[in-house]
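Me: I would like to go through this protein step by step. Please show it first.

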Amino acid sequence: MNDEQLLNMIMKNSEMGCIGIDSVIKHTENVDLIHSLSSQRKEYDSIYREALEKLSQKNYKPEHPGKTAVISSEIMSFVKTAADDSPSKIAEMMINGSTMGVTKITKGISGYSGKNKNITSLADKLLKTEQNNIEEMKRFL
């Protein structure tokens, strides 16, 4: 995996985090959960913007998540919260999403053949964010 591929993976991963939060946050009235999700969304957005900026600086083409992935995420969120919109269910959904994020970014880091410390630092930041988000959501289970 080269610089462009890892940066795009970071950008797509963090963008999906934003999309996932946007899909579920409107289904809860739990103030603590809303606060946690809003904080997580800000972190994902920050990482997204940083990855996008690095892609732009290197004249790489940004790749966003496919429409199928976005629509699928939104539909699954709608269906799952329609059946159960409890804080516990939303936390479970977010943990599952972050777990997928951990898996993807870990594979990306492992497969990275470049030596750019700024890119590996951003990838590590996303990995830590995903891991922290999982821990934060556990308190709502």
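Reply: A contact means heavy atoms within 4.5 Å. Keep in mind that this is a predicted model.

Me: Among contacts between residues at least 6 apart in sequence, what share join residues at least 24 apart?
Reply: Take the contacts in the protein chain between residues at least 6 apart in sequence. Then pick those that join residues at least 24 apart. Their share is 84%.

Me: How many helices and strands does the protein chain have?
Reply: From the N terminus on, the elements run α-α-α-α-α. The count is 5 helices and 0 strands.

Me: Why is the protein chain called as compact as a globular protein of its length?
Reply: For 141 residues, the globule rule gives 14 Å. The chain is close to that, so it is as compact as a globular protein of that length. Its radius of gyration is 15 Å.

Me: Which elements give two or more residues to the largest nonpolar core?
Reply: This core has 30 residues. Leu6, Ile10, Leu37, Met94, Ile105 and Met137 touch the most other members. The elements that give two or more residues are helices H1, H2, H4 and H5.

Me: Is Val79 buried, partly exposed or exposed?
Reply: Val79 sits in helix H3, residues 67–83. With Ile71, Ile75 and Phe78, Val79 makes a nonpolar surface patch of about 390 Å². Buried means under 20% relative accessible area, and exposed means over 50%. Val79 has 47%, so it counts as partly exposed.

Methods:
Residues are numbered from 1 along each chain as its sequence is written. This is a predicted model: local features need pLDDT of at least 70, side-chain atom pairs count only at pLDDT 80 or more; totals for chains, interfaces and linings use all residues. Side-chain values use heavy atoms; hydrogens and water are left out. Patches are made of residues with over 30% relative accessible area and no salt bridge: like charges are joined within 9 Å, nonpolar side chains (Val, Leu, Ile, Met, Phe, Trp, Tyr) within 5 Å. Accessible areas come from the Shrake-Rupley method with a 1.4 Å probe; for residues, only the protein chains shown count as cover. A salt bridge is a side-chain nitrogen of Lys or Arg within 4 Å of a carboxyl oxygen of Asp or Glu. Helices (H or I, at least four residues) and strands (E, at least two) are DSSP runs, numbered from the N terminus. Buried means under 20% relative accessible area, exposed over 50%, partly exposed in between (1.4 Å probe, protein chains only). A nonpolar core is a set of buried Ala, Val, Leu, Ile, Met, Phe, Trp, Tyr and Cys residues joined through side-chain atoms within 4.5 Å. The radius of gyration is taken over C-alpha atoms; the globule rule is 2.2 Å times the number of residues to the power 0.38.
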